Structure formats: structure tokens, C-alpha cells
Amino acid sequence: MPKYFFHVRRNDVFEEDLEGIDLASPEQAREEAVAAAREIVAEGIRRGDPADGATFEIMTEEGSLVATVPFRSAVGLE
């Protein structure tokens, strides 16, 4: 099963996912990113933080970009 990495980009800050997760397909990786973004945004809202411009950059082990998932779009704000 291929491994996908869910890097986070917030403005000029890049947070690298060093562990990754084994998933069956790029589509499943995108679904996981949307679900995770929803949880992250919801937790931020509970803390009173604004929904920021963070984005998941989903990459394969080989370094190919599979998809980008803006957190705001995962919760319908874009």
C-alpha cells in the first residue's frame, strides 16, 4: 500500500509530515485530508481561533504532489 504524507503550509511556514500514512489510493488520501482539516478547524474554532489559510499538501513517498486541500474549503468557507 502506498504511503502519503500530509504536509501543512500556513502562510510562509511549512510543517513537514515525517511519518505519513499508508492508504489505498490518492482519492482516499484526499478524503483523509478533508476529514483531518475539518477536525483541525473545528478545534481552532472551539479555542476561538479564526480559520486560517492553512493547506494540506499531500505527497507520495517519491515526492509527487497528489493534491492540495485548503482547510477553509474542507469546511465550506471557500
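These are my notebook entries on a predicted model of a protein.

**Entry: overall layout**

I began with the secondary structure and counted 2 helices and 5 strands in the protein. Read from the N terminus on, the elements follow the order β-β-β-α-β-β-α. I then looked up the radius of gyration, which is 12 Å and close to the 12 Å given by the globule rule for 78 residues, so the protein is as compact as a globular protein of that length. For the extents along the principal axes, I noted that the C-alpha trace spans about 40 × 25 × 20 Å.

**Entry: contacts, burial and surface**

Next I turned to the contacts in the protein with a separation of 6 or more, and found that residues 24 or more positions apart account for 44% of them. I also checked burial, and buried residues make up 32% of the 78 residues. The accessible surface comes to about 5,000 Å², and carbon and sulfur atoms hold 48% of that surface. On charge, I recorded 8 positive and 17 negative side chains, with the centres of the two sets lying 7 Å apart.

**Entry: the largest nonpolar core**

In soluble globular proteins, nonpolar side chains tend to be buried together. With that in mind I asked which residues of the largest nonpolar core touch the most other members. The core has 16 residues, and the ones that touch the most other members are F6, F56, I58 and F71. I then traced which elements give two or more residues to this core, and they are β1 (3–10), α1 (26–47), β4 (55–60), β5 (65–70) and α2 (71–74). The largest share comes from α1, which gives 5 residues.

Finally I looked at P2, whose place is in the segment before β1. Is P2 buried, partly exposed or exposed? Its relative accessible area is 37%, and P2 is therefore partly exposed, since that class lies between the 20% and 50% limits. Not counting residues up to four places away in sequence, P2 touches I21, D22, L23 and A24.

Notes
Residues are numbered from 1 along each chain as its sequence is written. This is a predicted model: local features need pLDDT of at least 70, side-chain atom pairs count only at pLDDT 80 or more; totals for chains, interfaces and linings use all residues. Side-chain values use heavy atoms; hydrogens and water are left out. A nonpolar core is a set of buried Ala, Val, Leu, Ile, Met, Phe, Trp, Tyr and Cys residues joined through side-chain atoms within 4.5 Å. Buried means under 20% relative accessible area, exposed over 50%, partly exposed in between (1.4 Å probe, protein chains only). Helices (H or I, at least four residues) and strands (E, at least two) are DSSP runs, numbered from the N terminus. The radius of gyration is taken over C-alpha atoms; the globule rule is 2.2 Å times the number of residues to the power 0.38. Contact means heavy atoms within 4.5 Å. Accessible areas come from the Shrake-Rupley method with a 1.4 Å probe; for residues, only the protein chains shown count as cover. Lys and Arg count as positive and Asp and Glu as negative; His and the chain ends are not counted. The place of a charge is taken as NZ of Lys, CZ of Arg, CG of Asp or CD of Glu.
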